[in-house]
Amino acid sequence: MITLSPRSNISFSLTLLTPIIAIFFTLVMGLIIFSFLGYDPLKSLYYFFIAPVSRPDQVAALAVKACPLILIASGLVFCYRSNIWNIGAEGQLVFGAIFSGWLALNFLESNSFLLLPCMMLVAILGGMFWALIPAILKIRFNTNEILVSLMLTYVASLFIDFLVRGPWRDPMSFGFPLTPTYSDAALIDRVYIPFVGYIGQLHYGVFVALFVSVILWFVLMKMLPGFKIRVTGESSSAAIFAGFNPSHVTIMVMCISGGTAGLAGMIEVSANIGQLQPNISFGYGFTAIIVAFLARLNPLAAIPAGLIVALAELGGDSVQISMGMPKVVTGVFKGLLLLSLLAGETFNRYHIKFDFKKGNK
Amino acid sequence: MPHTEVLLSGENITKIFGDFKANDNVNFSISKGEIHALLGENGAGKSTFVKIIYGLLKPDSGNVIWKNEIIEINGPKHARELGIGMVFQHFSLFEALTVLENISLALPEKNQSDDLEKRIEEISNEYGLQIDPKSRVFNLSVGEQQRVEIIRCLLQNPELLIMDEPTSVLTPQEISKLFEVLEKLSKSGCSILFITHKLEEVRSLTSRATILRRGKNVSTVATKDHTAKSFSQMMVGHEINTNKYKKIKIENENLLKINNLSRPAQNQFSVELKDINFSVRGGEILGIAGIAGNGQSELMEALTGEYLSIEADKIVFNGFDISNLKPNERRKHGISFIPEERIGHATVSSFNLSENFYLTDYINDNSSNYGIINTSFNYENASNIVNEYDVRVPHNNPLASSLSGGNLQKFIVGREISRKPKLLVASQPTWGVDVGAALEIRSQIIKIAEQGAIVIIISQDLDEIFLLSDLISVIYNGKLSKQFDKEKVNLEKIGLLMGGSS
């Protein structure tokens, strides 16, 4: 029989060391898998981990890729901490993009510096709006928020599809499903450093993501609303005993996660795309779920977790392009990386005991 | 010693969990037909020991000897095949099924037969365990459910019956009925291992007692040579001072009035509260006695505000109608609550003590500023409670889960009393708490009553009710009896009310 029993004291240095051990383990496993499949193992690892970050502009690309993941995961942490299973962040992201897109398309001639902050605000509201539907249905009719939020994702992507093919389509787009390009005032600038210039595609939205994740960490760990959320997740009867209203907590966490997802949608469009199109996200809303758990439901840890997952994505693309490795192999390797990180975390918190004595059931 | 033939014995049984010795060289033996008590405080290792005998745990060292043979018990099924039966403290019955179905489910296939119902009736007649095999379990009282468990064991003809705290949920009348059954069983040759911490029972029922303290056995003695007091000394290891329980009666202006409080049943397993009326003054302790499942938790929720009654003026405290206030709003009126469940209700197990202090103190302006938690304030207050109420902690500001039951309860009581409440409502304040901690907790409760607070104790422990209360009411089937003056009512009268007769 194999049993896991919680460790009484968890050492802090071991907590920092665990991901390093996990990554090392993944590398060893990667060496074995790649050589069995007939690829040069060291070269494969190079293209997976080193090549995607070997130039400053590539590091910038990594940060840009991680930006929506960090943002959305920091918000999702609030849901999962309170046992609300919002898995519809993808749809909330799309609605953030739609709401802010509506503003941008109405001010195509504007050059006001207020446009961008207003777009951020309505993007947050848009994400909240889409997240409140499952929240209210759950409170009012006890529906399952997993199903509702997931299904609303498909509604959202069909809705943006309808908008860009129908009412919002640019008449000058030669029939392509695209809206007009946003005015410059509605776009997020790339980061310009004096004497250095631009660093790849690095844009100011990345800093917004970092800032939001720090703020959310503070709210969750140091403030009363975060305390309410954590108590509710740990024990709903303790929350009711304290006088917290579980329905309010549900509304609050859905608003926070919907808001961050909506903001991420707006940043994606305003920083990288510049107009609305049928597909504005590479499944960031779903990938962020993995990031949230990899971060052990801590908004601050969502930053490194988002970077790791982004690296795994970029590394996967890189070996596919450079070495012709099939997508399934890179998928297996990505899975292995995440599994080792989560397993390492588990072994950090639990003893494992093997007991094969006869008759112990 | 009338019993000579040893049925089962344990030699130097040791069981270690992590670095904690739950059983440390325990020696024990029970003879054929003997009723033997296993005594000890919570955490003394009683449960570990019987789990080893019943095959649920394996000893790290030591031998279990059954009928003069060293054996290794592989699991509960093996134990039952050998002839060892066990009735657990928490029953394992399906509430929606009938007695017959429950028994049939638990029996091994070879014991199944068409005349099961007849055999149940035979056994229930033989030992006086009246039960209707066709009734559904959720309709049965706790005492009746226990009978079902006992019959289920007896159908397998055990030679040793282990009973884990069987009396903790019964009325005095039910207890004496149970004892008659056990005595009959013992006369027919079945040995009974009886786990308890109620000392009077040991003297009235058992012939010998083995006392455990911190995993070690203190001694095995003939019960007739000892008194409840000497037993408790052996259990705790030092003398117990019961004088602390003398309460000075004072009266002041604090007043709680409950007017026709009713509450419909939330589901088929919960109890409807019917027209509850009472009033208590400052300085008085009202004890609400009753067997589990008669509406105590429903009443507690109504008093804490976890359940809100819709109508106004149901609960009036010092002239304020608090009927529709949530628990935190009631706390602002100077009311404190100690719920029955320590973990997951009164505290969050994965939070440290200062966060658990904040859990019921966030209404205080000092514990947070503009929503930012004042960590040092909460830490200081939690540490003060730890010092003042003698909470034994493994290190500074530990997680609630790392405290033993008694120490966590002392922390909770300290947290609620340190706010100097004008009304304290406590449900089972010393349930599952060791003797020393129970003593501390009870004297703290008496102290705040002496300072003028109203105290309401909801408890299934009749001894506790009689120790603490000035006034006693009984809750039965969602109805509350009238209040009795403790001095003018006896145990028997209260016991009858608990059983539903008046």
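This is a predicted model: local features need pLDDT of at least 70, side-chain atom pairs count only at pLDDT 80 or more; totals for chains, interfaces and linings use all residues.
Two packed helices are described by the angle between their axes and the distance between the axes. In chain A, helix H4 covers residues 89–106 and helix H11 covers residues 284–294. Their axes come within 6 Å and cross at roughly 130 degrees, which makes H4(A) oblique to H11(A). The crossing of H4(A) past H11(A) is right-handed. As for who touches whom, H4(A) brings Ala89(A), Glu90(A) and Leu93(A), and on the H11(A) side they meet Tyr284(A), Gly285(A) and Phe286(A). Sorted by type, the residues of this contact between H4(A) and H11(A) come out as 4 nonpolar, 1 polar and 1 charged.

Now for the two chains together. The size of an interface is often given as the accessible area lost when the parts come together. Between chain B and chain A, about 2,100 Å² is buried, with carbon and sulfur atoms giving 62% of that area. On the chain B side, Lys58(B), Phe351(B) and Tyr362(B) stand out: they supply 21% of the area that chain B buries against chain A, more than any other three residues. Counted by contacts, 26 residues of chain B touch 21 residues of chain A.

Charged pairing also turns up here, with 1 salt bridge found across the interface of chain B and chain A. A salt bridge joins the side chains of Glu355(B) and Arg230(A), at 2.9 Å from N to O.

Methods: Residues are numbered from 1 along each chain as its sequence is written. Chains are lettered from A and ligands numbered from 1 in the order in which they are written. Side-chain values use heavy atoms; hydrogens and water are left out. Axes are lines fitted to C-alpha atoms, for helices over the stretch in contact, and angles run from 0 to 180 degrees between N-to-C directions. Helices (H or I, at least four residues) and strands (E, at least two) are DSSP runs, numbered from the N terminus. Angles under 35 degrees count as roughly parallel, over 145 as roughly antiparallel, 65 to 115 as roughly perpendicular and the rest as oblique. A crossing is left-handed if the near helix is turned anticlockwise from the far one by less than a right angle, and right-handed if clockwise. Contact means heavy atoms within 4.5 Å. Ala, Val, Leu, Ile, Met, Phe, Trp, Tyr, Cys and Pro count as nonpolar, Asp, Glu, Lys and Arg as charged, and the others, Gly among them, as polar. Buried area is the accessible area (1.4 Å probe) that two parts lose on being put together, summed over both. A salt bridge is a side-chain nitrogen of Lys or Arg within 4 Å of a carboxyl oxygen of Asp or Glu.
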